[in-house]
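Subject: A structure for you to look at

Hi there,

Here is the structure I promised to pass on. Please open it next to this email, and then read on for what I found.

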Amino acid sequence: MKLIKKKKILTKNKISRLKLILSTSILLFIIQCSTKINNENRDTCTIIDKLMDNQITSWNNGDIDAYMEFYWKSDSLQFIGSKGLTYGWDTTLINYKNAYSSKEEMGELSFENLNCKGLENNSFLINGKWHLKRNEKLKDKEGYYTLIWKKIDGQWKIIYDHSS
């Protein structure tokens with residue numbers, strides 16, 4: 001009788017230990033996956049920051065065409081600015097060229113990304129501030145932006161821009 005009780009106790013102890021080991025393993029796996037996703041998101045946010053630095057350089061060189069290379073060349077590109085919602089890469093390019101017809105009007109652009117968040121479908125949401133430093137006559141301009149960057153054909157492109 002005592003032998004049977006000991007076996008039951010040992011069996012219960014083994015089952016408890018196995019449950020603990022299994023639970024711990026699952027928890028470690030989840031943490032590892034979460035850490036990997038966070039690192040991948042951080043790496044992608046760093047890449048997008050660098051792309052936006054290149055975009056600033058293009059703007060500050062007075063090259064709107066090069067600035068637009070970071071946008072998705074599609075009629076489905078969405079841009080929301082002071083005049084409302086527009087669609088398409090060509091329309092966005094024309095609007096930029098009409099609004100900033102000279103290097104003086106373009107001024108010196110700077111961005112400050114406030115956050116970067118991974119979304120589904122290889123997309124990232126960026127919120128931030130923009131500032132255009134210009135001469136006293138034209139006065140500085142500034143505002144906020146929300147961008148959605150998406151990896152398309154191996155390249156990160158802006159598919160949505162709401163700048164105000």
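Below is a short tour, from the overall fold to the sheet and then to the rings.

First, some housekeeping. This is a predicted model, in which local features need pLDDT of at least 70 and side-chain atom pairs count only at pLDDT 80 or more, while totals for chains, interfaces and linings use all residues. Residues are numbered from 1 along each chain as its sequence is written, and side-chain values use heavy atoms, with hydrogens and water left out.

The overall fold

The chain holds four helices and six strands; these are DSSP runs, H or I of at least four residues for helices and E of at least two for strands, numbered from the N terminus. Along the sequence they follow the pattern α-α-β-β-α-α-β-β-β-β. Of the 164 residues, 28% are buried, meaning under 20% relative accessible area with a 1.4 Å probe, counting protein chains only (exposed is over 50%, partly exposed in between). Take the contacts (heavy atoms within 4.5 Å) between residues at least 6 apart in sequence: 50% of them join residues at least 24 apart.

The sheet

The six strands make an open sheet in the order S2-S1-S6-S5-S4-S3, with mixed pairing; two strands pair if DSSP finds at least two bridges between them. The edges are strand S2 (84-87) and strand S3 (108-119), each with a single partner strand, so one side of each has no neighbour in the sheet. On average, neighbouring strands are turned by 30 degrees against each other, direction ignored.

Going through some of the pairs:
- Strand S1 (residues 78-81) and S2 run antiparallel and are joined by four bridges; Phe 79 has Thr 86 in S2 as its bridge partner.
- S4 and strand S5 (residues 141-152) are antiparallel too, with ten bridges, and Ser 123 stands opposite Lys 150 in S5.
- S5 and S6 pair in the antiparallel sense over eight bridges, with Trp 149 partnered by Ile 158 in S6. These two strands form a hairpin with two residues between them, and Asp 153 in the turn has a positive phi of about 50 degrees.

Helix H3 lies across S1, S2 and S6, at about 125 degrees to S2. Such angles run from 0 to 180 degrees between N-to-C directions, with axes as lines fitted to C-alpha atoms, for helices over the stretch in contact.

The aromatic rings

Rings of Phe, Tyr and Trp (its six-membered ring) pair if their centres lie within 6.5 Å; planes under 30 degrees apart are stacked, over 60 edge-to-face and the rest tilted. That gives ten aromatic pairs. One of them is Trp 59 with Tyr 96, edge-to-face at 5.7 Å centre to centre and 70 degrees between the planes. Trp 59 sits in helix H1 (residues 2-60) and Tyr 96 in helix H3 (residues 89-99), so this pair ties together parts 37 residues apart in sequence. Trp 59 is buried at 3% relative accessibility, and Tyr 96 is buried at 11%.

Phe 124 and Trp 156 are also edge-to-face, with centres 5.6 Å apart and planes at 80 degrees. Phe 124 is in strand S4 (residues 123-133) and Trp 156 in strand S6 (residues 155-163), 32 residues apart; both are buried.

Finally, ring pairs link Trp 59, Tyr 67, Tyr 71, Phe 79, Tyr 96 and Tyr 100 into a cluster.

Enjoy exploring!

Best wishes
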